[in-house]
Amino acid sequence: QVMRFVPPEILPTETQEGSCWTSSIAAPYRADAFRCTIGNEIQDPCFTITGVDEMLCGVNPAQGTQGFVLKLAKPLPVPEVPPGETPSNWAWSFMLGDGTYCTPFTGTRPFVNNEAGFYGCTGSTGEKQVMIMGDIDNNNPLWTAKKAIVVRDGANWKVQSEDIVPVKVVWQ
């Protein structure tokens, strides 16, 4: 199931103040999604709220988290959406068939066994990371992803297990 996230009409009551300096890395194909800061904390994505100088940040549709309203301290930058056709398999968040929730890495992507991790997932701890290696595969009616459990091995990471798993819901 592919869902286009739309900010709700009834917004969360929690508000914070901050600013947005660039388009979202997590949701790069949405002109209404930005990368924002509150003090030293980065929020990505934050979504514009129509007709208001506010953003909706910290939303987690898989877990029902409403997030909070970000009151903008300065105007938004001009959105920058990558040129060309938008890939159909992109996601700013998604849930696997086993209930694991994943979001894109928005900084340096980790490499394990010469393969990039594209998404970090719930279940990660300091010594164990759950991630999706590569991108979501939508070449068949049932979308899948390569889920890996990687563990610390001294200064490096090694794959403890990996499996191709079904994707249940994608939010774009």
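A salt bridge is a side-chain nitrogen of Lys or Arg within 4 Å of a carboxyl oxygen of Asp or Glu. The legends below describe close-up views of a predicted model.

**View 1. A network of salt bridges links Glu-115, Lys-146 and Glu-162.** Lys-146 meets Glu-162 in a salt bridge with an N to O distance of 3.7 Å. Because Glu-162 belongs to strand β13 and Lys-146 to strand β12, this pair ties together parts that are 16 residues apart in sequence. The side chain of Lys-146 also forms a salt bridge with Glu-115 (3.0 Å, N to O). Glu-115 lies in strand β10, 31 residues from Lys-146, and this pair links distant parts of the chain. Relative accessible area is 26% for Glu-115 and 42% for Glu-162; both residues are partly exposed. Lys-146 is likewise partly exposed, at 23%.

**View 2. Arg-35 and Asp-44 form a buried salt bridge.** The closest N and O atoms of the pair are 2.9 Å apart.

**View 3. The largest nonpolar core comprises 15 residues.** Phe-94, Leu-96, Ile-132, Ile-136 and Val-167 touch the most other members. Strands β7, β10, β11, β12 and β13 each supply at least two residues of this core. Beyond its neighbours within four places in sequence, Ile-136 is in contact with residues including Phe-94, Tyr-119, Trp-143 and Val-167.

**View 4. A second, separate core has 13 residues.** Among them are Phe-5, Ile-49, Trp-92 and Tyr-101.

**View 5. The largest pocket holds about 220 Å³ of space.** Of its 15 lining residues, Ile-25, Pro-28, Pro-104, Arg-109 and Tyr-119 lie nearest the centre. The lining has eleven nonpolar, two polar and two charged residues.

Conventions. Residues are numbered from 1 along each chain as its sequence is written. This is a predicted model: local features need pLDDT of at least 70, side-chain atom pairs count only at pLDDT 80 or more; totals for chains, interfaces and linings use all residues. Side-chain values use heavy atoms; hydrogens and water are left out. A nonpolar core is a set of buried Ala, Val, Leu, Ile, Met, Phe, Trp, Tyr and Cys residues joined through side-chain atoms within 4.5 Å. Buried means under 20% relative accessible area, exposed over 50%, partly exposed in between (1.4 Å probe, protein chains only). Helices (H or I, at least four residues) and strands (E, at least two) are DSSP runs, numbered from the N terminus. Contact means heavy atoms within 4.5 Å. On a 1 Å grid over the protein atoms alone, a cavity is a set of points where a 1.4 Å probe fits but cannot get out, and a pocket is an open set with protein on both sides within 12 Å along at least five of seven lines; lining residues have an atom within 4 Å of a point. Grid points are joined across faces, edges and corners, and a volume is the space filled by probe spheres set on the points. Ala, Val, Leu, Ile, Met, Phe, Trp, Tyr, Cys and Pro count as nonpolar, Asp, Glu, Lys and Arg as charged, and the others, Gly among them, as polar.
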